[in-house]
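Please walk through this structure with me. We will look at a pair of helices, then at a disulfide.

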Amino acid sequence: MRIRTGRRGFAALSAAAAVLMTSGVSAAQPGRELPAFGADFLWGVASSGFQSEGHAPDSNWSRFIASGATADPYRDSVDFARRYIGDVELAARLGVRVYRVGIEWARLQPAPHAWDEAAFGFYDNVIARILAAGMRPMLTLDHWVYPGWALDRGGWRNPGMVEDWLANMRKVVHRYSSRDPLWVTFNEPAAYVGTELRTGGISVEEAPVMVDHIAQAHNEIYDVIHRARPGAQVTSNLGYVAGAETEVNQPIVDRISAKLDFIGVDYYFAPLPQTGESAQGGAEGGPAMWELPVHPEGIYYALRHYARQFPGRPLYVVENGLPTENGQVRPDGYTRADHLRDTVYWLQRAMADGMNVIGYNYWSLTDNYEWGSYAPRFGLYTVDVLTDPTLRRRPTDAVEAYADVIRAGGVRPGYHPTRAPVPCVQIDAPETCTGDGPA
């Protein structure tokens, strides 16, 4: 979720909008009472390993930070490695049923033929705590970080990277399949490629090679997971790029679509209104993440895009949230609580309109290291890493809002979004907006 890509001419967008709206495609309109989600709906929270754990081992990202190329030092992030018990308790108090964590390859395998049993023990304890609190773990195998020795071998440009990756991930699967987690193989693979371009892990010419390697690794570990537990649920979550989704993510979707038990979708931003340029946040030289346009109704269109492509396949929002600058009021005045409730409203609209939405994770439980900076804050609980040595978790207004949503199975009856929706074609690509919009 941290790249910006694609460009649509704003004039072309406006022309498409005029054509489509005359053919009946308009803004998603609130207006009717919505059914609540049932008791089986998977409310959750999300985090990643490197971004929150602290005490980072040698990896591609620890080396990139050491090079001085990032805005902020890593320090020990929010120190999840030593504070996970308290964080799991915070999640449990919300009433969520899923807690997403990362299993860091660099921590588990410090050398090519050596695994750290103490590191496995740490993840044993984290998963045990999640289960004991009545939640289901969602385990991410790769959230953009790999061991320094793998970088020395060429990283994702190296043909041997796939087998190196699989050697570790097979051990993870065999160790944790009995816990029946939800599995995420690769976090936002297209954004992963973009991040490797940013950090110098690959060249532009090598990007297709990385896509091929990720697809190969995903398809192989999918089979490993299902041999270990035939009923397992596996995905690779897609960082939805409103306005350029087909261009950005379809190449990887085409390679792995047969091996996705549910479609994991991450949704954050709409295109820039001045240019129509698609935005995923954090692009160098572009607007800061808290300045990017936010339209929660866009999550409806994102889910509809994949509901049409995979009819009947379960849809799960693996990440969604709202950035602020160091916890300050956003320039657009949008509060975290209002954004959360508005988003859940559109999830309920998607369900009411026949989309098989099975879960929603808030990104993130706490603030964390946003790939070079602590300024973007996404946490339900804010943490001042650079100024507060105690790393106290302070609740935002969205904590109680989320707990209330979970208790009620959605927004309360009579709820109307705080912001009027705009036409689909002001948020997404014309081909995504064809057909009747929600009434």
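**Helix pair and disulfide**

The axes of helix α6 (residues 117-132) and helix α8 (residues 161-176) come within 12 Å of each other and cross at roughly 40°. This is a predicted model, where local features need pLDDT of at least 70, side-chain atom pairs count only at pLDDT 80 or more, and totals for chains, interfaces and linings use all residues. Residues are numbered from 1 along each chain as its sequence is written, and side-chain values use heavy atoms, with hydrogens and water left out.

Helices are DSSP runs (H or I, at least four residues), numbered from the N terminus. Axes are lines fitted to C-alpha atoms over the stretch in contact, with angles from 0 to 180 degrees between N-to-C directions. α6 and α8 are therefore oblique to each other. Oblique covers what is left after roughly parallel (under 35 degrees), roughly antiparallel (over 145) and roughly perpendicular (65 to 115). The crossing of α6 past α8 is right-handed: the near helix is turned clockwise from the far one by less than a right angle.

Which residues meet? From α6 come E117, F120, G121, Y123, D124 and I127; from α8 come K171, V172, R175 and Y176. Contact means heavy atoms within 4.5 Å. By class, this contact has five nonpolar, one polar and four charged residues. Tyr, Phe, Val and Ile count as nonpolar, Gly as polar, and Asp, Glu, Lys and Arg as charged.

Now the disulfide. C424 is joined to C433, S to S 2.0 Å. The cut-off for a disulfide is cysteine sulfur atoms within 2.5 Å, and the count comes to one. The S-S torsion of C424 and C433 is about -80°, so this disulfide is left-handed. C424 is buried at 1% relative accessible area, and C433 is buried at 0%. Buried means under 20%, exposed over 50%, partly exposed in between (1.4 Å probe, protein chains only).

Note on methods: Helices (H or I, at least four residues) and strands (E, at least two) are DSSP runs, numbered from the N terminus.
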